[in-house]
Amino acid sequence: MTFPSEPRAVGRDLPRRDGAVKVLGTATYAHETPLVNAAHLHAVQATIARGRVTALDTAAAEALDGVVAVLTPGTAERLASTEDRELAALQGEEVAFRGQVVALVVADSSEVARQAAALVRVEYAQQEHDAELRADREDLYAPETVNPDFPTDTAEGDVDAAMAAAEVSVEETYTTAMYHNNPMEPHATAALWEPAGDGLLTLWDSTQGVHSTRAVLASVFGLDEARVRVVCPYVGGGFGSKGQPHVNVVLAAMAARAVPGRPVRLALTRQQMFSLTGYRTPTIQRCRLAADRTGRLTAVAIDVVELTSRIKEFAEQSGVPARMMYASPNRRTTHRLAALDVPVPSWMRAPGECPGMFGPEVAMDELAERLGMDPVELRIRNEPGVEPGSGKPFSSRNLVGCLREGAARFDWSRRDPRPGVRRRGDWLVGTGVAASTYPVSRMPKSTATVRREGERYVAEIGAADLGTGTWTTLAQIAADALGVPVDRVEVRIGDTDYPMASVAGGSSGMTTWGSAVVEAAGAFRARYGSEPPDGAEASGTVGPPDERHAMHAFGAQFAEAHVHLDTGEVRVPRLLGVFAAGRIINPRTARSQFVGGMTMGLSMALHEKSVLDPRTGHVVNHDFAEYHIAANADVGTIEAHWLAEHDPHVNAVGSKGIGEIGIVGTAAAVSNAVWHACGVRVRDLPISLDKVL
Ligand code: MOS
């Protein structure tokens, strides 16, 4: 389907349609769903990392005024499917990680539910657990594939021989920390079965995908999908942690059936999110680069060691970006996992690319240093003509354009390459650069319906808006595809009653749902011409992606770092990113996503680290008091720019995804800037002051 080459609504800086209700506090989030006589839930969590529950005493909890029920493995219903062990709530006595749910209190208020949960007495038969990731573990294994379905290992040429023969080389180990997704809105679900305990299950859930949540819940409870409705108009962030339902959604549905006729609400606490809703695995990356004197790469290698949980495999694809980023005749990428007694890891913003561009992009800076070459030029020199590995042409690849534009904007040409020589008062000052990339994904299934309702045109699709701008940008796409003014278009999303939409993940939303809307609008115009009657309606489904091209977005990140001479305190007063991400649908919501991603990257560089104590299997800093994220005072100037890029191969609109690329490369740029400031290479995130002193 075609899209106007000079769109009128797409590209405009329109304010968010959902902005006013959010600012006024009237947007209804899952936990605020108006429901009569709702009961509240609170989970009881295991305090051991491995073993069995031998006794559960719920008497004191049940005796508390206002407690409706306490669900335990002894009283909870048997689920139809327990194949996904993360979701098999209260199905047995086994404890597989610290924080696992062992009982669930249903009460008249959230306060009573929480108090009662503390009164449940649990006894355990503890087994020895193992929660320590090390690269020298003997039980590391190669998963069958890495997420979502990439080969685990790749090899081309002979990296060892190229390293041995190299004029210049780098061989170092880089590590990224365990990180927890921390959206502002915690995971929350309201649930109701109608009629009582049977019939239709309605879930008001904070999710990145209503249809995918419905599919999983229907399978877990053995229901026809038509008997499950999932509603989610607003999401207070997810960053991947709401990309698939976690155990809290199952618990809510289970409890709603256990108290017939009553709706229930479950909002996890911030601390509970640290064990129940996913996180990013720590990574240990052995990176090798070899080059000739002119800076041409002769070998690129990354061997990644990560963790997964013993009950469910999650294999972060951190070695994947090194497969396509730069040209090299010899290349090797591997992934190895340790299956530990830890909570189940999951998606977190730019899974794969985010951790996987840290080691290689710092290694490129180290190589530039050894070559005596500018790090921007080194990257440009290794630009591939086609996608390494696949040999496919790029649909568009403007990494060089991003690097040059960023260098010009950042005044890079005046940079003195020597480390540790610039002082401003008590601070050492440096600048650094790193590249970004993120794949363009189009999900296989999504359908939109377009309808004329009086003077308005309505576009319906079960898409999600995580704060990303979908309410607004889908209207812009629909308006141009229909050839009508954008203020006559109404968008309806976030409900399984609307046509099937893919999950808001992998930065695929606009490509996928936008394509469905363009198809629906095309069918609508073909059927009704320019005078559609009231009630006129047409649907369209996203087509298959272009298989002939390699499709990725690219970017260049520049950072300025200050390191205090006496204390080692690191400050980043300026970040600048230039991105090539196809057509930008709305500059306002796009800038917000780029800047948000870069802020999260800054936070990863300087602050974030989940501390898992191997003695207990417990993330000890499991709240905002101790898990540090960048706050306002930590963030200086962040500029996001983009190149005018229209890529006709990615989709009719020409847009690539932008939700994730902003976090990719930021931490490497900061580490490279810190080295330039003070001469210390920090290969281990976060860059805390002890590492530069
Ligand atoms: Mo994103 S981590 O693919 O929701």
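A residue is taken as buried if 20 or more other C-beta atoms lie within 10 Å of its own, and as exposed if 12 or fewer do so. By this criterion strand β3 (residues 67–71) of the predicted model is mostly covered, 4 of its 5 residues being buried. Strand β3 runs antiparallel to strand β5 (residues 101–107), to which it is joined by 4 bridges, and within this pairing Ala-69 stands opposite Val-106 in β5.

The protein is divided into domain 1 (19–28 + 442–541), domain 2 (33–127 + 182–276) and domain 3 (145–179 + 280–440 + 549–691). The centres of domain 1 and domain 2, taken over C-alpha atoms, are separated by 32 Å, and the contact between these two domains draws on 17 residues from domain 1 and 20 residues from domain 2. On the side of domain 1 that touches domain 2, the residues divide into 7 nonpolar, 7 polar and 3 charged.

An open sheet of 5 strands, with mixed pairing, has the order β9-β17-β16-β15-β10. Its edge strands, each of which pairs on one side only, are β9 (154–156) and β10 (168–176), and neighbouring strands of the sheet are turned by 10° against each other on average, direction ignored. Within the sheet, strand β15 (residues 283–291) and strand β16 (residues 297–309) pair in the antiparallel sense over 9 bridges, with Gln-285 standing opposite Val-304 in β16. Helix α9 (residues 358–371) lies across β10, β15 and β16, and its direction makes an angle of about 150° with that of β10.

When its neighbours within four places in sequence are left aside, Ser-436 is in contact with Met-357, with Phe-554, Gly-555, Ala-556 and Gln-557, and with Ile-661, Val-664 and Gly-665. Pro-34, by contrast, is 402 residues apart from Ser-436 along the chain, and the C-alpha atoms of these two residues are separated by 43 Å.

Several backbone features were also noted. The peptide bond from Asn-147 to Pro-148 is cis, with omega near -15°, and Pro-148 is found in the loop between β7 (145–146) and β8 (150–151). A cis peptide bond likewise joins Leu-685 and Pro-686, with omega about -5°; Pro-686 is found in the segment after α15 (666–678).

Positive phi values, in residues other than glycine, occur at Asn-37, where phi is near 60°, and at Asp-411, where phi is also near 60°. Asn-37 lies in the loop between α1 (19–24) and β1, whereas Asp-411 lies in the loop between α11 (399–410) and β18 (423–424). Asn-37 is exposed, with 8 other C-beta atoms within 10 Å, and Asp-411, with 10 C-beta neighbours inside 10 Å, likewise counts as exposed.

Conventions: Residues numbered from 1 in each chain as written. Predicted model: local features only at pLDDT ≥ 70, side-chain atom pairs only at ≥ 80, totals over all residues. Pairing = 2+ DSSP bridges. Helix = DSSP H or I, 4+ residues; strand = E, 2+ residues; numbered from the N terminus. Axes fitted to C-alpha atoms, helices over the stretch in contact; angles between N-to-C directions. Contact = placed C-beta atoms within 7 Å. Domains from an automatic or database assignment. Nonpolar A, V, L, I, M, F, W, Y, C, P; charged D, E, K, R; others polar.
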